[in-house]
Amino acid sequence: MISSSRLVKVADRSMVRWIDAMVPSCAALSRDDVIWAFSFVVGAVYSWQLIDHRYDTMLNVVAERSAHEVTSDIVAFCCKGIEAICERRAAQRATDEPPLRIAVSA
């Protein structure tokens with residue numbers, strides 16, 4: 001049996017490869033932004049809607065959408081979200097506008 005700490009190490013190595021693969025496509029983003037974007041994508045991919053149609057009753061869904069349909073929407077949503085962040089960072093650099101920093105207190 002593989003320990004949970006070993007699984008985390010394997011997952012971390014895998015995530016780094018995915019993040020590294022995103023970097024060339026997101027030239028306007030810092031590595032921190034790419035990591036955040038990756039996290040956003042992973043969160044969307046593991047949507048409860050895709051897994052168990054959790055939101056169907058709230059959405060008044062009459063016919064079930066296929067996993068392919070939901071996945072297509074998730075991919076479009078994630079791509080446009082990342083593109084928007086790329087555009088925002090490029091505009092910030094063009095105007096010397098500092099990125100928004102949110103202080104988090106313990």
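This is a predicted model: local features need pLDDT of at least 70, side-chain atom pairs count only at pLDDT 80 or more; totals for chains, interfaces and linings use all residues.
Here, buried means under 20% relative accessible area, exposed means over 50%, and partly exposed is whatever falls in between. Keep that scale in mind, because it sorts the residues below. Tyr55, at 32% relative accessibility, therefore counts as partly exposed.

**A nonpolar patch**

Tyr55 sits in the loop between helix H3 (48-52) and H4. Together with Met58 and Leu59, Tyr55 forms a nonpolar patch on the surface, and the three share about 330 Å² of accessible area.

**Salt bridges**

How many salt bridges are there? The count comes to three.

| Pair | Distance (N to O) |
|---|---|
| Arg31 and Asp20 | 2.7 Å |
| Arg89 and Asp33 | 2.8 Å |
| Lys80 and Glu83 | 3.3 Å |

Take the pair of Arg31 and Asp20, whose side chains meet at 2.7 Å. Arg31 belongs to helix H2 and Asp20 to helix H1, so this bridge ties together parts that are 11 residues apart in sequence. As for accessibility, Arg31 is partly exposed with a relative accessible area of 39%, and Asp20 is also partly exposed, with 38%.

Next comes the salt bridge between Arg89 and Asp33, at 2.8 Å. What does this pair tie together? Arg89 is in helix H4 and Asp33 in helix H2, so the link joins parts that are 56 residues apart in sequence. Are Arg89 and Asp33 buried or exposed? Both are buried. If you set aside neighbours within four places in sequence, Arg89 is in contact with Ala28, Leu29 and Asp33. The helix that holds Arg89, H4, covers residues 67-95.

Lys80 is exposed, with a relative accessible area of 56%, while Glu83 counts as partly exposed at 37%.

Where is Ser25? You'll find Ser25 in the loop between helix H1 (4-22) and helix H2 (31-45). With a relative accessible area of 62%, Ser25 is exposed.

Definitions and conventions
Residues are numbered from 1 along each chain as its sequence is written. Side-chain values use heavy atoms; hydrogens and water are left out. Helices (H or I, at least four residues) and strands (E, at least two) are DSSP runs, numbered from the N terminus. Buried means under 20% relative accessible area, exposed over 50%, partly exposed in between (1.4 Å probe, protein chains only). Contact means heavy atoms within 4.5 Å. Patches are made of residues with over 30% relative accessible area and no salt bridge: like charges are joined within 9 Å, nonpolar side chains (Val, Leu, Ile, Met, Phe, Trp, Tyr) within 5 Å. Accessible areas come from the Shrake-Rupley method with a 1.4 Å probe; for residues, only the protein chains shown count as cover. A salt bridge is a side-chain nitrogen of Lys or Arg within 4 Å of a carboxyl oxygen of Asp or Glu.
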